[in-house]
Amino acid sequence: MPSQDEIIHTVNNMYGKAETASFMLTDKNEGVIRVNTAAEKWYVVLNGIFSNLSQDLHFTAGRQTPFIMMYFQLKGTSTFATSTHLRVSGQVHSLNFLPAFRFNTSIRKNTVEEFFCVKVFPDLLLRQMHGLDENNPLVKFCQRKDPFVTLDAPQAINPAIYQSIHDYLNCPYTGALGSAYKDNIILNLFIHQLAGFTGAVTEQKHSGARLSKADIDLLNDIKTYLDQHYLEVGSLQQLTRKFYINSFKLKHGFKHLFSNSVMRYVDEHKMNYARTRLQQDRPDLTDLADELGYRHYNNFSTAFKKRFGYSPAAAQS
């Protein structure tokens with residue numbers, strides 16, 4: 001059993017170095033720690049799980065050269081101490097460009113925390129994107145000089161992001177094929193965050209479908225509401241009344257901005273919620289179906305199996 005100082009020293013090294021490494025500690029009295037780092041050509045992925053520790057742990061990390069930090073708080077709450085104290089609560093993500101960065105982070109005892117973090121090295125990514133137009137948003141973000149920090153203003157993690165992280169952590173390939181598969185996932189996550197945090201939107205294909213800035217702002221507000229209240233949403237009409245928007249603009253504007261229909265987006269949230277409940281809490285299946293708004297369990301079971309390829313009962317086993 002390593003001492004607390006040995007644990008902190010090991011994890012600090014993993015946070016600070018661009019290397020592939022893993023650390024795991026499982027003890028019924030001391031708790032569970034699993035930290036993995038994977039170094040690729042232009043980024044490093046860190047994935048950590050801390051569960052029911054017997055005492056607080058404090059880590060220090062940072063970098064003196066520019067990097068992009070894509071941070072996903074999957075469970076629990078993390079505390080970052082920089083020039084200020086930031087508390088990042090579960091199921092949110094942030095995109096940050098940091099010319100240099102150093103912080104202290106705390107893992108509290110008797111809690112469960114999980115994060116997925118990607119450190120992108122902009123100079124190396126620019127080499128991978130050689131030949132892209134200088135006005136490409138990816139290129140411009142990598143070339144920026146001033147900080148861009150959203151740790152204090154994160155966004156809710158949507159089902160598409162959860163799926164991307166799941167696919168990365170469960171990559172079915174090895175070798176060069178596996179690296180290409182993972183590179184594509186990380187680049188897509190970067191694009192998704194860049195669009196979400198900088199306000200970039202897809203150019204309209206038809207001038208008649210053009211959305212005003214007020215429309216875009218309202219649709220983003222609706223999306224944020226759905227991220228937080230998906231269990232309460234049962235119909236489009238419920239949203240049109242709440243946000244005073246006509247159904248045509250809601251349906252077509254939402255699909256245009258987010259490449260998904262409103263109710264499918266809600267259903268994806270619900271299915272991911274259901275899978276998490278089934279795997280962690282083992283609820284009564286009929287009660288869970290009712291919580292999600294299904295009148296009959298069979299309808300829920302069919303939708304769940306269509307989404308994941310296995311039944312709700314199988315998810316509990």
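**Entry 1: strands 5 and 10.** I began with strand 5 (residues 67-75) and strand 10 (residues 112-120), which run antiparallel and are joined by seven bridges. This is a predicted model, and I read every entry below with that in mind.

Entry 2: In what order do the seven strands of the open sheet lie? I read the order as 1-2-3-10-5-8-11, with antiparallel pairing. The edge strands are strand 1 (21-27) and strand 11 (155-156), and each of them pairs on one side only.

**Entry 3: salt bridges.** I found eight salt bridges in the structure. I followed one of them, in which the side chains of Arg 108 and Asp 56 meet at 3.1 Å, N to O. Arg 108 lies in the loop between strand 9 (101-107) and strand 10, while Asp 56 lies in the loop between strand 3 and strand 4 (57-63). The two residues are 52 residues apart, so I recorded the pair as a link between distant parts of the chain.

**Entry 4: helix 6 with helix 9.** I turned to helix 6 (residues 213-229) and helix 9 (residues 262-280), whose axes are 9 Å apart at an angle of about 30°. That angle makes helix 6 roughly parallel to helix 9. The crossing here is right-handed. From helix 6, Lys 223, Leu 226 and Asp 227 take part, and they meet Val 262, Tyr 265, Val 266 and His 269 in helix 9. By class I listed four nonpolar, one polar and two charged residues in this contact.

**Entry 5: helix 6 with helix 7.** How do helix 6 and helix 7 (residues 236-243) pack? I noted an angle of about 125° and axes 12 Å apart. The two helices are therefore oblique to each other. Helix 6 and helix 7 make a right-handed crossing. On the helix 6 side I listed Leu 218, Asp 221, Ile 222, Tyr 225 and Leu 226; on the helix 7 side, Leu 239, Lys 242 and Phe 243. The contact of helix 6 with helix 7 has six nonpolar residues, two charged ones and no polar ones.

Key:
Residues are numbered from 1 along each chain as its sequence is written. This is a predicted model: local features need pLDDT of at least 70, side-chain atom pairs count only at pLDDT 80 or more; totals for chains, interfaces and linings use all residues. Side-chain values use heavy atoms; hydrogens and water are left out. Two strands pair if DSSP finds at least two bridges between them. Helices (H or I, at least four residues) and strands (E, at least two) are DSSP runs, numbered from the N terminus. Axes are lines fitted to C-alpha atoms, for helices over the stretch in contact, and angles run from 0 to 180 degrees between N-to-C directions. Angles under 35 degrees count as roughly parallel, over 145 as roughly antiparallel, 65 to 115 as roughly perpendicular and the rest as oblique. A crossing is left-handed if the near helix is turned anticlockwise from the far one by less than a right angle, and right-handed if clockwise. Contact means heavy atoms within 4.5 Å. Ala, Val, Leu, Ile, Met, Phe, Trp, Tyr, Cys and Pro count as nonpolar, Asp, Glu, Lys and Arg as charged, and the others, Gly among them, as polar. A salt bridge is a side-chain nitrogen of Lys or Arg within 4 Å of a carboxyl oxygen of Asp or Glu.
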